[in-house]
Amino acid sequence: MNIYESLAAVQADVDFIGKDKQVQSGGTYKYRGVDQVLNTLHPLFAKHKVFAVPEVLEIMEREIRKTAKGSEVLYQVLKVKYTFYAEDGTSVSAVVVGEAMDSGDKVSNKCMSVAYKYACFQILSIPTEETCADPDDDNEPLNQNDKKPPKKAQSNSDDAFAAEDYKCAVCGRQIDKKLFDQTVKAYGTPLCSPECKKTLIKAGEISG
């Protein structure tokens, strides 16, 4: 079989990869880890004689950032090309972006893991058990005449925080209020994912 037939056969065999992993603070943020992808796809790639070869094309961004508590973490964005080969030598490539942060020497590994995970998700259209939200559903057309409403005066009420105030202290990603409150209560700082939690553990800012 050529690569298109082989990938179609893998796609036919893979069912779904559910969001079985979750943060430890209440379980409100679920995700699919790269180990789930590897464990699911390895036997199918072996069965249909498919393998992938990575190639880092570009370091798109690389800088030192500071956490909310002042520790330094390395932030990096890689552009990676994955070429999938079949038994007959035919191939198809996908170029994806991987973004990660780490306080140690694993930031490139994390970037490539993220890039490979999403390359597989999109090439094979791997579903979750749930209906995936469309990113466009959260976007509205911009109007030059639109003006942001004035912010409310600060108070002791929870209403004093606008939605954009609920962000992860490590990566700056916006999170919901429930996860914000749970992680602040558990770790003393807002976190969005296990990766960001591990970053602070390595930096010695929180305990495991």
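Leaving out neighbours within four places in sequence, K110 is in contact (heavy atoms within 4.5 Å) with A100, M101, D102, E195 and T199. K110 sits in helix α3, where helices (H or I, at least four residues) and strands (E, at least two) are DSSP runs numbered from the N terminus. Despite being a lysine, K110 has a relative accessibility of 18% and counts as buried; buried means under 20% relative accessible area, exposed over 50%, and partly exposed in between (1.4 Å probe, protein chains only).

A word on where these values come from: this is a predicted model, in which local features need pLDDT of at least 70 and side-chain atom pairs count only at pLDDT 80 or more, while totals for chains, interfaces and linings use all residues. Residues are numbered from 1 along each chain as its sequence is written, and side-chain values use heavy atoms, with hydrogens and water left out.

Stepping back to the whole chain, there are 5 helices and 5 strands, and from the N terminus on they run α-β-β-α-β-β-β-α-α-α. Of the 208 residues, 36% count as buried. Among contacts with a separation of 6 or more, 56% are between residues 24 or more positions apart.

Helix α3 (residues 107-124) also pairs up with helix α2 (residues 34-47): their axes come within 10 Å and cross at roughly 55°. Axes here are lines fitted to C-alpha atoms, for helices over the stretch in contact, and angles run from 0 to 180 degrees between N-to-C directions. The two helices are therefore oblique to each other, since angles under 35 degrees count as roughly parallel, over 145 as roughly antiparallel, 65 to 115 as roughly perpendicular and the rest as oblique. On the α2 side, V34, V37, L38, L41 and F45 meet S113, Y116, K117, C120, F121 and L124 of α3. Sorted by type, the residues of this contact come to 9 nonpolar, 1 polar and 1 charged, with Ala, Val, Leu, Ile, Met, Phe, Trp, Tyr, Cys and Pro taken as nonpolar, Asp, Glu, Lys and Arg as charged, and the others, Gly among them, as polar.

Moving on from α2, H48 lies in the loop between α2 and β3 (51-66). H48 is buried, at 13% relative accessibility. Not counting residues up to four places away in sequence, H48 touches M1, S6, A9, V10 and D13.

Another lysine, K79, belongs to strand β4 (residues 72-85). At 26% relative accessibility, K79 is partly exposed. With neighbours within four places in sequence set aside, K79 is in contact with E55, V56, L57, E58, M60, V95 and V96. The C-alpha atoms of K79 and V97 are separated by 4.6 Å, although these residues are 18 positions apart along the chain.

Just after α5, G204 takes a positive phi of about 80°. As for the cysteines, C196 is buried at 6% relative accessibility, and C111 is buried too, at 0%. A search of the whole structure turns up 0 disulfides, a disulfide being a pair of cysteine sulfur atoms within 2.5 Å.
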